[in-house]
Amino acid sequence: MKHVTSMDVQIFIILFIISATVKILFLEFYWSDISIPKDDEHDYIATAMYINSGNSWISEDAPNSRPLLLSLIISPFLDLGIYPIRILLILISSITPFLMYSLSKKAFNLTSIQSVIPALIWIFYPPEIWYSGLILTESLTGLLALGSTLCFIMAKDSNKITTSMCLGVLLGCLILTKSSYVYLPVLLVGLNVFIKFRCGYTMLNITQTVLVIGIIGIVTSPVIIRNYNTIESILPIESRMPYGMVVSNGDFTSPLIQNGAYDKNIASAQKIVQMKQQGDSYNVLKSYALSVVLTQIQTNPGQIHKILISRTYNFWGSRPDPFNPSITMNDIIMSIIWIPILLLFISSFRFYKSLNFWIFVLIVIYAFLTTILFWSSPRFRFPVDGLIILISTASGLKWGEGIFTYWKQQYD
């Protein structure tokens with residue numbers, strides 16, 4: 001896709017309208033009270049309220065337990081209420097189908113008609129519809145993951161400075177939206193170095209690489225400055241990692257942890273909460289968390305494989321809530337949708353060996369590996385579901401071409 005055509009613009013408008021309409025209708029007819037925040041939404045709203053109040057962002061009172069970008073986006077709209085904020089997030093997420101369309105053309109050279117298929121699948125994909133109206137980071141992370149992948153491939157193919165700048169901005173925003181993606185730039189730079197030594201050419205030249213890293217540093221610098229000022233640690237993400245490490249890995253004998261979930265009631269989790277209430281520094285909390293995990297690895301090594309298998313199953317499985325002992329209608333619906341997608345994704349390795357394909361796969365693997373270090377569910381796979389669906393669609397089209405060719409040879 002060398003340039004945007006009038007057909008591309010028309011397709012963008014159509015996809016945007018369909019996506020926004022489906023999500024707004026779901027919001028209107030499914031939610032019992034869309035004006036009331038739920039669960040983790042309160043944390044993002046509280047951070048947005050702090051930002052909107054004009055208080056100093058580097059103050060010790062500044063919230064630092066949740067990613068920043070979502071709260072920055074919604075902060076100017078707090079006075080309008082929760083419902084308009086949900087509509088705003090739906091409209092932002094409705095850009096994602098066009099990114100699916102653009103990536104299909106750019107990465108796999110699909111036609112315009114073929115590229116609409118994964119975009120439409122994404123529009124009607126139940127988790128995307130569900131998350132789009134929530135004041136949570138999932139839909140925004142999915143959009144930024146797709147946008148970053150598209151920019152990376154465009155920067156690789158064109159070597160344009162502007163595209164590299166866009167890549168740096170998107171990767172920086174991705175880190176400010178989902179902390180688990182903090183090392184994704186390291187993976188991409190590492191891939192660049194590997195390709196250079198393995199194949200003799202670079203995807204991004206030195207100027208592009210330095211520019212991308214520099215812009216990521218600029219975009220994340222407010223959080224880095226805040227964390228250095230408040231918790232005395234150079235950290236481009238929120239400060240919840242020690243707590244997350246403990247509740248996920250603080251007791252390998254916990255049935256919840258063995259099932260791939262987290263357990264807030266274990267002794268080490270309660271201990272780290274007490275330490276934080278006592279005012280212990282981030283570095284002290286991190287050291288304690290690491291010592292707890294190391295102790296568990298040394299004392300309960302026989303449980304590690306069981307925990308990793310559970311987290312792997314939860315990540316790649318179809319059940320929206322893998323910890324619910326009962327099979328629900330949502331489980332049945334998602335099994336019908338997700339299992340064919342997963343099978344087509346697996347079969348794609350038969351058809352594709354291109355660099356673009358492996359970039360997609362590496363990002364998916366990155367999301368998987370960074371998830372199974374903690375607790376796991378399809379919620380943490382969701383940001384890369386777009387990449388998986390896109391690969392699956394391309395694979396499905398290859399199967400279709402093969403079946404048609406075979407049928408033609410048999411009956412002609």
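Buried here means under 20% relative accessible area, exposed means over 50%, and partly exposed lies in between (1.4 Å probe, protein chains only). The structure is a predicted model, in which local features need pLDDT of at least 70 and side-chain atom pairs count only at pLDDT 80 or more, while totals for chains, interfaces and linings use all residues. Residues are numbered from 1 along each chain as its sequence is written, and side-chain values use heavy atoms, with hydrogens and water left out.

**Cysteines**
- Cysteine 166 is partly exposed, with a relative accessible area of 33%, whereas cysteine 173 is buried at 17%.
- With a disulfide taken as a pair of cysteine sulfur atoms within 2.5 Å, the count comes to zero disulfides.
- For cysteine 166 the nearest cysteine sulfur, that of cysteine 151, is 3.0 Å away, and for cysteine 173 the nearest, that of cysteine 166, is 9.5 Å away.

**Helix H17**
- Helices are DSSP runs (H or I, at least four residues) numbered from the N terminus, and H17 has a kink of about 30° centred on serine 335, the bend being the angle between axes fitted to the seven residues ending there and the seven starting there.
- The buried residues of H17, among them Trp338 and Phe345, pack against helices H7, H16, H18 and H19.

**Nonpolar cores**
- A nonpolar core is a set of buried Ala, Val, Leu, Ile, Met, Phe, Trp, Tyr and Cys residues joined through side-chain atoms within 4.5 Å, and the largest has 96 residues, with Phe108, Ile135 and Phe360 making the most contacts inside it.
- The largest share of this core, ten residues, comes from H18.

Methods: Helix = DSSP H or I, 4+ residues; strand = E, 2+ residues; numbered from the N terminus. Contact = heavy atoms within 4.5 Å.
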